Amino acid sequence: MRALVWHGKNDVRVEQMPDPKILNPRDVILRVTTTAICGSDLHLVNGVIPSMQAGDILGHEFMGEVVEVGKENQKLKVGDRVVVPFTIACGGCFFCEKALWSLCDNSNPNAWMAEKLWGYSTSGLFGYSHLTGGYAGGQAEYVRVPYSDVGPLKIPASVTDEQVLFLSDILPTGYQAAENCDIQPGDTVAVWGCGPVGQMAIRSAFLLGAGRVIAIDNVCERLEMARDRNGAETIDFSHQDVFDRLKTITGGRGPDSCIDAVGLESHGGSFDAYVDKAKMALYLATDRPSVLRQAIHACRKGGVVSVPGVYGGFLDKVPFGAAFQKGLTFKMGQTHMMRYMQPLLERIERGELDPSFVITHRFPLARAAEAYDLFGRKQDGCIKVVMKPHDLVH
Amino acid sequence: MKKNEVAMSAHTVNISETERWLSSIAGAAMILSGLKQRSVGGALRAASGAALLTRGASGYCPAYASVGRSYSRIYDTREALGGRCGVHVDESITINRPAADVWAIWRDFESLPNYIPSLKSVTRTDATRFHWEAIGPGRRSIAWDAEILNEIPNELIAWRTIGEPDVVSAGSVRFVQSKGRGDTQVHVRLQYEPAGGKSTAAIAWLFGKEPGQLIRAGLRRFKAIIETGEAPTTAGQAHGKRSLLHYAQRSHA
Ligand SMILES: NC(=O)c1ccc[n+]([C@@H]2O[C@H](COP(=O)([O-])OP(=O)(O)OC[C@H]3O[C@@H](n4cnc5c(N)ncnc54)[C@H](O)[C@@H]3O)[C@@H](O)[C@H]2O)c1
Ligand SMILES: [Zn+2]
Ligand SMILES: [Zn+2]
């Protein structure tokens, strides 16, 4: 088969290799019909997530058709059409029983590595470094799905791939980010980052009753999408001071909750962002948390800071004093996918939600490297790329 | 076994990469070791399991001295081996099953090789004695005989080596059902002591540079199989072209 393979910083290639095989009794093999590139993939390509190995297959947003079923899998059969969540969960551990799916105790075969860095291991993830299992990803013609009787969601024929593909990650992620804000009717929610995750968070915040959503970014077409398609007010951080602006437009009180949908590679005009960048380049820091700092600083007293943006290591100069003094609540983490997939699918089926609005580009898998470049550099108005692994090159 | 070997050598690559990354971030590794709040002695032990093994081998250890005096509740291997010598491993894991189930699975020693990759076989020789074989360096077998010292259904199993094994060891597994929940804490205590110098290398290999690493991996696998019916793996999965470095590190491991 062909798949998109990581070879190093800014070096991904489509390669030919043997097809995946069933390795464990609960596995299935999927013929991937549609897959996408996520902002999280950019962290890998930018080389800021450790423990990648040349030859690793990327991709954790994918769906397809079951072509082979392991002998202990009672749930799926050949021909089923499924969306696969990016977190791999066993279904049998303490954490899975509590629906803390992304914290599964058993699905990371490299648990000891994650324990070294984080104290305890979290769940395995597709195509996301060896710290979280080193599982081959789904930007490929075929993919092996472990514990596939737990995560994958069967999809009815009445909806298209593009309508449901984002149940694999960004829709539940944006939804959880908003749910974590504990939104009360009429609340004001500030969202940093108008990438795909930010867009889903804006939509979800309104669904959950927010009165106002204020979206922050500096990429023109992303701000436009937040404003025109999703009804948010916007702040362009290249031209406006985010804190002052947020304070003014909330009548001096600050947003009730703040969502960091940017993560460890925030960029921007603020002084601290430049210092972080220099420190990271010199290996003096692991993450660049300038958005997190802003969110903590700007959040109203007693508010919630919700962090779907990914962090991995040690954060410098986080204003913990402000967080403590204002009595903030923090919610964060990889998404507990299976809590949200079924209910969100139902909303899509009822026509209440169509997450395919974020798609700006469609590519055959053969041109995946080009797609990464476009998405990474935000060229050509690119917000979200989907790829068809079995389409012919054009 | 072949599968696990591949998995283990892949791990070796990862260890070095993660450590390199961590130590390249100024202060991060130090903060992490600080967070563990190890005693200075503990930190040294972790840093140099091999050195400790050497010390263990040369120092006098009145092994077995106290065995037989306290058959009632041997939780502490120090008692079984008669002193604080050799290498101690103290690991625990929580398994999402009642203690009676977990105990029964563990008590079936002959099935343990299914859970612990480096064990080749366990064979019963009489009511309380078992012959153990593990795979050592260069795929050489190391073998020992052990007897069960103490056994309390659903609570405890303790054993020690008998005869003149390469490795003098004693251990206990304690099963503690959580209050008000259906899960069980499994506490493994193990102490081992190379008898002569000759097998020091074998032990160092078997237990890795951090004592307990292998036990922890075994426990994790044991838990995964009990809770999910399989152990998670990526060995044999699809991948693109690996770098030469990858293969070099693999064959070295
Ligand atoms: N928690 C989860 O389970 C989960 C799942 C998916 C993605 N993520 C993470 O969510 C984050 C966003 O993902 P995405 O796909 O939308 O990525 P993306 O890279 O497309 O979007 C990030 C956006 O943040 C903007 N940005 C950068 N610096 C900023 C700043 N200082 N202030 C405001 N905006 C800024 C960028 O211009 C960009 O539009 C990533 O960190 C990704 O890894 C987390
Ligand atoms: Zn993602
Ligand atoms: Zn689990």
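The model is predicted, so local features need pLDDT of at least 70, side-chain atom pairs count only at pLDDT 80 or more, and totals for chains, interfaces and linings use all residues. Residues are numbered from 1 along each chain as its sequence is written, chains are lettered from A and ligands numbered from 1 in the order in which they are written, and side-chain values use heavy atoms, with hydrogens and water left out.

**Around ligand 1**

- Ligand 1 has 33 residues around it, and the closest are A:S40, A:D217, A:V262, A:H267 and A:P308; a residue counts as near if one of its heavy atoms lies within 4 Å.
- Sorted by class, that shell holds 15 nonpolar, 14 polar and four charged residues. Here Ala, Val, Leu, Ile, Met, Phe, Trp, Tyr, Cys and Pro count as nonpolar, Asp, Glu, Lys and Arg as charged, and the others, Gly among them, as polar.
- Domain 1 (2-169 + 335-388) and domain 2 (173-332) of chain A each give at least three residues to the shell, with bounds from an automatic or database domain assignment.

**Polar contacts and cover**

- Look for pairs of N or O atoms within 3.5 Å, which is what a polar contact with the ligand takes.
- The side chain of A:S40 puts an N or O atom 2.6 Å from an oxygen atom of ligand 1.
- A:R222 has a polar side-chain atom 2.9 Å from an oxygen atom of ligand 1.
- With A:P308, a polar backbone atom sits 2.8 Å from a nitrogen atom of ligand 1.
- On its own, ligand 1 has 860 Å² of accessible area, and the protein covers 96% of that (Shrake-Rupley method, 1.4 Å probe).
- Elements giving two or more residues to the shell are α1 (39-45), α6 (196-207) and β12 (212-217) of chain A, and α1(A) gives the most, with four residues.

**A three-stranded sheet in chain A**

- Three strands make an open, antiparallel sheet in the order β2-β1-β4. Strands are DSSP runs of E with at least two residues, helices are runs of H or I with at least four, and both are numbered from the N terminus; two strands pair if DSSP finds at least two bridges between them.
- The edge strands, β2 (11-16) and β4 (56-57), each pair on one side only.
- Six bridges tie β1(A) to β2(A), where A:L4 partners A:V14.
- Those two strands form a hairpin with two residues between them, and A:N10 in the turn has a positive phi of about 50 degrees.
- Two bridges join β1 (residues 2-8) to β4(A), with A:V5 partnering A:I57.

**Salt bridges**

- The count over all chains is 29 salt bridges, each a side-chain nitrogen of Lys or Arg within 4 Å of a carboxyl oxygen of Asp or Glu.
- One of them pairs B:K223 with A:D105 at 2.8 Å, N to O.
- This pair joins two chains because B:K223 lies in helix α8 (residues 213-228) of chain B and A:D105 in the loop between α2 (94-97) and α3 (111-118) of chain A.

Methods:
A polar contact is a pair of N or O atoms within 3.5 Å; within protein, one must be able to donate a hydrogen and the other to accept it, and residues adjacent in sequence count only if both atoms are side-chain atoms.
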